[in-house]
Amino acid sequence: MDGRTLKKQLRQVTIAVTTAIAVILLIGGSLLVNLFDSLETAAENQIKSETEEYSQRIYRKLNQDVSWLNTVAAMIGAQNTLDDSNITAMIDGANHTDRFISLGFFPLSGKGIYAEEINGNSALYKISLTSMEKEVERVVCQAMEGQEVISDIYRSYHANDEMLAFSVPVYMDGQIVGALGGCKDTESLTRILNEETVLNGGGYLDLLDSEGKILIQSDSTVIPHRIYSIYDGQYLEQGEGNEQGIREAMSAQEPIFSSFAYEGEEYLIYLEPIGINGWYICCIDTRESTLMPAQQVIAIMLTAMAGILAIIAIFCILGYGMIRRKCHNLLKAAYFDPITGAENYSAFLQHIQEEAGQLDDAYIVAINIHQFKFVNELFGQKQADRLLWEVKQILDRSLREGEYFCRENGDQFCILMREQSPETVSSRVKGIMKRIGRVSVLEKSNYQVMLYAGAVAGSDRQAMLHVMFALKKAQKSEYNKIVFFDEKLHEAEETNNYITTHMFQALEDQEFKLYLQPKIDFSTGRIGGAEALVRWQTSDGTVLSPDQFVPLFEQNGFCSRLDMYMVEKVCQWIRGRMDAGLPAVPVSVNQTKLLFYETEYVRELCGLIETYGIPAELITLEILEGLAVSRVEELNRQIRRLKEKGFRISMDDFGSGYSSLNTLYSIEIDELKLDQVFLTHSSKKQDFRRNKILKYTIQMAKSLHIVTVAEGVETEEDHLMIRSLGCDYGQGYYYSPPVSAEEFNRSLI
């Protein structure tokens, strides 16, 4: 072989190797760019997610303290007296709960009662508000104006510690009579911020105010010396306008991503607003080179590969191994739950698709932990995650070969069981529930873990939809209950689907029919009015009862439109009677609570009675008792507007929920409808007590000029009893069931 040929071959080999190296560099560089982009996005998503979680924990913690103060304030207000001895006893007793270091009640006069813990003993003082520390005085004064207030962190010279002051108003008979205040140190917030699990130990948290001042600095920090503001030193990336942009974002309470470099390392920083006092959680990711630009890595790789082919080969192998590991991690993130290590819902569906049509003896089961959110709130995320991990371990030990499960989301697990009968599935699931119920991860607590489950025969996507429907039904049953999806549930699911997909068209086609149930006036023995009820008669003649569609309408808000539709139907019916020369009959119409907070509600009602030319006095608007539980003043303002127009207001189902005598005087109603629960017969002793309660309720209503109506009158005994107690009207099947408007005109009057 001559030199020319050798050179030619060497040249060919060089070209081939160079081309291969170039291809490797291009492919490797492209993969590295994509990889580092993914890592950067993943790092940002993780820091954002964890910061939001800690922000919510601090928010919940502070609001729990405010809720506790509101509870004590309500107890003080329930005394209906500002007697010093009663207040002193309540403040002293509440202070022994160790919720706050000090606790005090200040009436509007400013001369209050103050309790604090000193060396484990409670000391009580009578003290003037103006002699308190200024931050305490400020929040108490704001509470006296009707606000619930949490102070900024301040240095207490009395306690020689960083403190927080809380204060809420105290009401008696709907009026503010003073404020309840409490002080505590920042230990609980510091404990949350110093958890070692932040970013799996790779990050730390600071608490800031809206001006960037560091209120609580983590024990773990990149910069060892004390920093008073995030704008000090090199805490944020440098650049023209960057500080101003961050200040504007914090002023607007917007989340912020940034970064900073310290001693040659670059760190990612994320600020998340808490929603209280303009505070922020500042999270620093301390993992090295998190934000190293991918271009630097590629440049280093290209430089190394240009040297020696052996080094290039080593780097290629290392790069391939790194990519393979990262791909493995990405696959793990895509198909496995990071908390429990179980497969996730995507992996579960993939198993189902792979085995589609091959399983004849399979059931899908969905298990939920009852009220899991309270586990998070009461015991913290760490214990809640530990409980989920224990559930995963129990399922691992409980499943057989060929069976699999996943953690779908939150506290929900889906299982594929290879069984042939619902009895064996039920037995196995109840055994799993029993073992989970014995889990003791909730330390120093006797909290009982309760579950519920849904199950369906099958192993396809349709079965997944059905099992969720069964799970919802199980949620409404007793705990540790399993509900199987069967033909009855299938019909209910189809009915629900029909209702939600046809409700608007049904309203347009006037498929909702007006039914009336008479109310008997005991003073005359005649019909003194009627209640409007709705029935849904579909185009094929099927009649749906209210209990099938009203609960769904309450959930999706369609009740607002249906209730106004029924008011119009009542107006049409009354107008028809008036045109025919028949006596007008007052009619009561149920109204959802959503309507009472709509600004156009009164105007729309007045428009209807003007359109049909009927007196507003013939329309009684029925509201449920639960509407009166909150926002009483706002509700009364709307009621007054309605009554000024002539409408009457009735409170329906009194006694079915959280009835209280407060309802009778706080809500300005014209009529009180006693729920049929009062007419449920039991023992003679209970009947005697019930009759006493009914008698005095009716007497109190009469003294307030409120008309009383007894619902659910089913027997002559019911009729005679409520009439003897002085009730004004009776309504129920004893007199007449609900009938169509046409039948009411034809047969009842």
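## Ser 426 and its contacts

Leaving out residues up to four places away in sequence, Ser 426 touches Ile 482 and Phe 484, where contact means heavy atoms within 4.5 Å. Ser 426 is part of helix H11, which covers residues 422-437; helices (H or I, at least four residues) and strands (E, at least two) are DSSP runs numbered from the N terminus. Because its relative accessibility is 13%, Ser 426 counts as buried, a class that means under 20% relative accessible area, with exposed over 50% and partly exposed in between (1.4 Å probe, protein chains only).

This is a predicted model, in which local features need pLDDT of at least 70 and side-chain atom pairs count only at pLDDT 80 or more, while totals for chains, interfaces and linings use all residues. Residues are numbered from 1 along each chain as its sequence is written, and side-chain values use heavy atoms, with hydrogens and water left out.

## The chain as a whole

The secondary structure of the chain comes to 21 helices and 27 strands, and of its 749 residues 46% are buried. Of the contacts between residues at least 6 apart in sequence, 61% join residues at least 24 apart.

Lys 392 lies in helix H10 (residues 381-398) and counts as buried because its relative accessibility is 14%. Its side chain is joined to that of Asp 396 by a polar contact of 2.7 Å; a polar contact is a pair of N or O atoms within 3.5 Å, and within protein one must be able to donate a hydrogen and the other to accept it, with residues adjacent in sequence counting only if both atoms are side-chain atoms. Apart from neighbours within four places in sequence, Lys 392 is in contact with Thr 340, Gly 341, Ala 342 and Phe 405.

At the start of helix H8, a side-chain oxygen of Asn 344 comes to within 3.2 Å of the backbone nitrogen of Ser 346. The buried residues of H8, which spans residues 345-354, are Ala 347, Phe 348, Leu 349 and Ile 352.

## Two loop residues with positive phi

Asn 160 is not a glycine, yet it has a positive phi of about 55°. It sits in the loop between strand E5 (154-156) and strand E6 (161-172), and Asn 160 is exposed, with a relative accessible area of 55%.

Gln 253, also not a glycine, has a positive phi of about 55° and is found in the loop between helix H5 (242-251) and strand E10 (256-262). With a relative accessible area of 28%, Gln 253 is partly exposed.

## The largest cavity

About 50 Å³ of space lies in the largest cavity, where a cavity is a set of points, on a 1 Å grid over the protein atoms alone, in which a 1.4 Å probe fits but cannot get out, and lining residues have an atom within 4 Å of a point. Of the 13 residues that line this cavity, Gly 104, Val 136, Gly 181, Gly 182 and Cys 183 are the closest to its centre.

Strand E1 (102-107), helix H3 (134-144) and strand E7 (175-185) each supply at least two residues of the lining of the largest cavity, and E1 gives the most, with four residues. By class, this lining has nine nonpolar, four polar and no charged residues, where Ala, Val, Leu, Ile, Met, Phe, Trp, Tyr, Cys and Pro count as nonpolar, Asp, Glu, Lys and Arg as charged, and the others, Gly among them, as polar.

Definitions and conventions: 1 Å grid on protein atoms, 1.4 Å probe; cavity = no way out; pocket = protein on both sides within 12 Å on 5 of 7 lines; lining within 4 Å. Points joined across faces, edges and corners; volume = space filled by probe spheres on them.
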